[in-house]
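Here is a short briefing to read alongside the model. Keep the sequence and the 3D view open as you go.

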Amino acid sequence: MTVRSLVSVVDDSESVRESLPDLLQQYGFATQAFASAEAFLASECVGQTQCLILDIAMPRMTGPDLQRELARRRYHIPIVFITAHSDEIDRPTLLGAGAVDCLFKPFSEAALLDAVHAALRAG
Amino acid sequence: MRYELSDVVDAIPALVWTVRSDGHADFLNQRWCDYTGLSLEEARGAGWQAAIYKTDLPVVLDHCRARQATCVPRAIEAGMRRFDGTHRRLLMHGSPFRDESGAIVGRCWYVSHTDLEEQKRTDALLAGEKQVLEMVARGRPLPTILDAVCAVVEAAAPGCHCSIMLIDQSGTRFQRGAGPTLPSGFLDAVDGGAVTYESGPCGMAASLNTQVIVPDVTSDAWWNAEGWPPWVLAHGFRSWWSTPILSLAGTVLGTLALYREAPGRPTVPHQALIEQFTHVASIAIERTQAEAALRRSEAFLAEAQRLSSTGSFAWHATTGGTTWSDQTYRIFEIDRGTPLTSELVHSRIHPDDVAMFDAMVDRARRDGNGLDVEHRLRMPDSSIKYVRVVAHATRDDTGQLEYIGAVQDVTERRLAEDTLDKVRSELAHVARVTTLGVLTASIAHEVNQPLSGIMTNASTCLRMLAEDPPNVDGARETARRAMRDAQRGADVIAKLRGLFAKRGTVTESVDLNEATREVIALSNSELQRARVLVRTELADDLPPVTGDRVQLQQVVLNLLLNASEAMRGVDDRPRQLVIRTELDDEDGVRLSVQDAGVGVDPQNVERLFDAFYTTKSGGMGIGLSVSRSIIARHHGHLRAAQNDGPGATFAFSLPAVGGVDANGSSGSRDSTACPEIL
């Protein structure tokens, strides 16, 4: 029995929370979706997630806020940031803080899979 | 009995005497003696004949004898010398003396009933007065009338020249009135002269409001001291009598003066003449001045009506009788004098406004209330005019309802307002498009989100269809999600187009809560990006307002973005923004946007609403100016105030459509039931 890698998705957009897990499941990943950073931190998945797909702009705790909080708690989860804003990303800072990639919405299926696989390799 | 009868005859205001056929008088009454200046003793016998013109005496004596022969009452005219030496023509009526049986005895009564010259003089004066008053009534020019007054006075006062001087409106200068027989240059010297008691007898009479008599300028100490005699004498006059002409209210209008080449004072008849014709002159002057004032007033009114494009009218509600001013005819482009029929007036009312116009007329007839309406006219050349009609109801002498009003051509104002509306609309559009730049990133976010969903769902759908066997149910679900996201994207574009497309003003009923939610949705991403926490407190059952939905949304968007901008540098506290709707104290609807930013300077708070005033580095400074203008046009007011704590609150109130019910339930707000954190 093959243990599937758990990919968690954190995005305040319902559309993303519905569509992205379905697509990843098509490629054999286990998925969990969360509407906020706070919800993810409070879940049991935080210790099991092998790849975190994380929206940057969210109310209250943002994606970078969660990245810092995970580091503070010593969780080393490979992160793929996603965003619909093209001008709000400080890409070097995010990558320097351990992010694997940053994808701009809308992104292609291939770009997503490349980023996820890279994250899993990094983990 | 004889003495008693004599007393009675003495009391008769006529000359009464008896004369025998031989020309001897044996009785003359006291008035006869007073009139002739002869005593009774002097007049008795043939003495009376000294008072009769020598040329007339034979006629009178013959008449006495003939009377005795015929015994038929007759009257003759004869001249008599009066006590003052003047000769007057008298009409003498003679009647035979009869005894108790009615038989004629040897003597006659002769009674002078009338001083013919006095009568003729009185008749002439009355005719002159009538002529002058007719000239006044016919509106003849004042100089002509005053010339006629002078002519009548001079005819009644032989040897006298008459002048009338007027006093100008300032009351300080003489103006030429009349003086048809005065020497050339005499009136010129007085014309324009000061009205002072030193300027001459006329000036003294006018300034002191009293008659001034100069019997002989050569011996008058006052006028000699003033150096007048040479000038007066040079014009051939020795005496000068000036009398003020008074208005009915007692104001001095001018002077009437008589000049004589001989020295002397006015006689009693002179004074009567002066009194009579200063009065006539005052009537002429006052009437002429009143008519001139009326003409001037009417001219001013007509000019004012023309300049202000305002006509006046009177409309009798019962009979329909209408009176228009010249300007009203001009506004309606109807020739003055054309009979004002209902059909003619209706032909000028714009067809779309006829029903409203008729309803207004019916209401006016029924209620008798004032009118204040605006409607359109359509001219024969199909051009359109806008007119405002204002009238108040009154009652005529018979108690019938009548409207007195004004009709103003407001076409230019309306066209200017339309142009201004267009400019405002364009400025508002510029402001919106400027906002579009600010929202570019937010708009990209709003579009990219559904696009991302579409792509991901489409990929998933293809994968499911490629399975063996195909996962049709899963593919159907993901296809449905893709369509849903596509619709979301289309909705975003539609809202953007609605908010930023160039359009005219549209007035409609607007749910301010719904309009506000749409603006928040559109700007949400931008606010989120600025780390602004938005809390909405939208009142339940908020009554709608009337206005332009897009323009109101523009104001809300402007306030939201300004609030976000004001909190850009705030890091020591939450960037909290509260947008709230509620009923205001006057049952209107109030919307406020409260931020926790840098706040406003209370001293300069009004400057924030000035055009091109900005505190932002990249701002044009038109957002708040346009917003206040938009709210003002919605009959509201946009204000700013510093919060008790950090930040400021911008708020506007608008009248609600239909108000609220008696319980005020439509305006109740439950902020705890509906807090919404975005």
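Buried residues make up 33% of the 678 residues in chain B, where buried means that 20 or more other C-beta atoms, placed from the backbone, lie within 10 Å of a residue's own. This is a predicted model, in which local features need pLDDT of at least 70, side-chain atom pairs count only at pLDDT 80 or more, and totals for chains, interfaces and linings use all residues. Residues are numbered from 1 along each chain as its sequence is written, with chains lettered from A and ligands numbered from 1 in the order in which they are written.

**The two chains**

- Chain B has 20 helices and 23 strands; these are DSSP runs numbered from the N terminus, helices being H or I with at least four residues and strands being E with at least two.
- In chain B, 57% of the contacts with a separation of 6 or more come from residues 24 or more positions apart; a contact means C-beta atoms, placed from the backbone, within 7 Å.
- Chain A contains five helices and five strands, and its pattern along the sequence reads β-α-β-α-β-α-β-α-β-α.
- Of the 123 residues in chain A, 44% are buried.

**Where chain A meets chain B**

- The contact involves 21 residues of chain A and 22 residues of chain B.
- Helix H1 (residues 14-26) of chain A gives the largest share of chain A's side, eight residues.
- That side of chain A has eight nonpolar, seven polar and six charged residues. Here Ala, Val, Leu, Ile, Met, Phe, Trp, Tyr, Cys and Pro count as nonpolar, Asp, Glu, Lys and Arg as charged, and the others, Gly among them, as polar.

- Among the buried residues of H6(B) are B:Asp147, B:Ala148 and B:Cys150.
- The cover over the buried residues of H6(B) includes helix H5 (116-137), strand E6 (160-167), strand E7 (174-178) and helix H11 (268-307) of chain B.
- H6(B) and H11(B) pack at about 175 degrees with their axes 10 Å apart; axes are lines fitted to C-alpha atoms, for helices over the stretch in contact, and angles run from 0 to 180 degrees between N-to-C directions.
- That angle makes H6(B) roughly antiparallel to H11(B), a label for angles over 145 degrees.
- Residues making this contact include B:Leu142 and B:Ile145 of H6(B), with B:Leu273 and B:Phe277 of H11(B).
- The contact has 13 nonpolar, one polar and no charged residues.

**Strands of chain B**

- An open sheet of five strands in chain B has the order E12-E11-E15-E14-E13, with antiparallel pairing; strands pair if DSSP finds at least two bridges between them.
- Its edge strands, each pairing on one side only, are E12 (322-324) and E13 (371-378) of chain B.
- Strand E11 (residues 310-316) of chain B is joined to E12(B) by three bridges, and B:Trp315 stands opposite B:Thr322 in E12(B).
- Helix H14 (residues 354-367) of chain B lies across E13 and strand E15 (401-409) of chain B, at about 150 degrees to E13(B).
- Elsewhere, strands E21 (residues 637-642) and E22 (residues 648-654) of chain B pair antiparallel over six bridges, and B:Arg639 has B:Ala651 in E22(B) as its bridge partner.
- E21(B) and E22(B) form a hairpin with five residues between them, and B:Gly647 in the turn has a positive phi of about 90 degrees.

Conventions:
Contact = placed C-beta atoms within 7 Å. Buried ≥ 20, exposed ≤ 12 C-beta atoms within 10 Å, placed from the backbone. Parallel < 35°, antiparallel > 145°, perpendicular 65-115°, else oblique.
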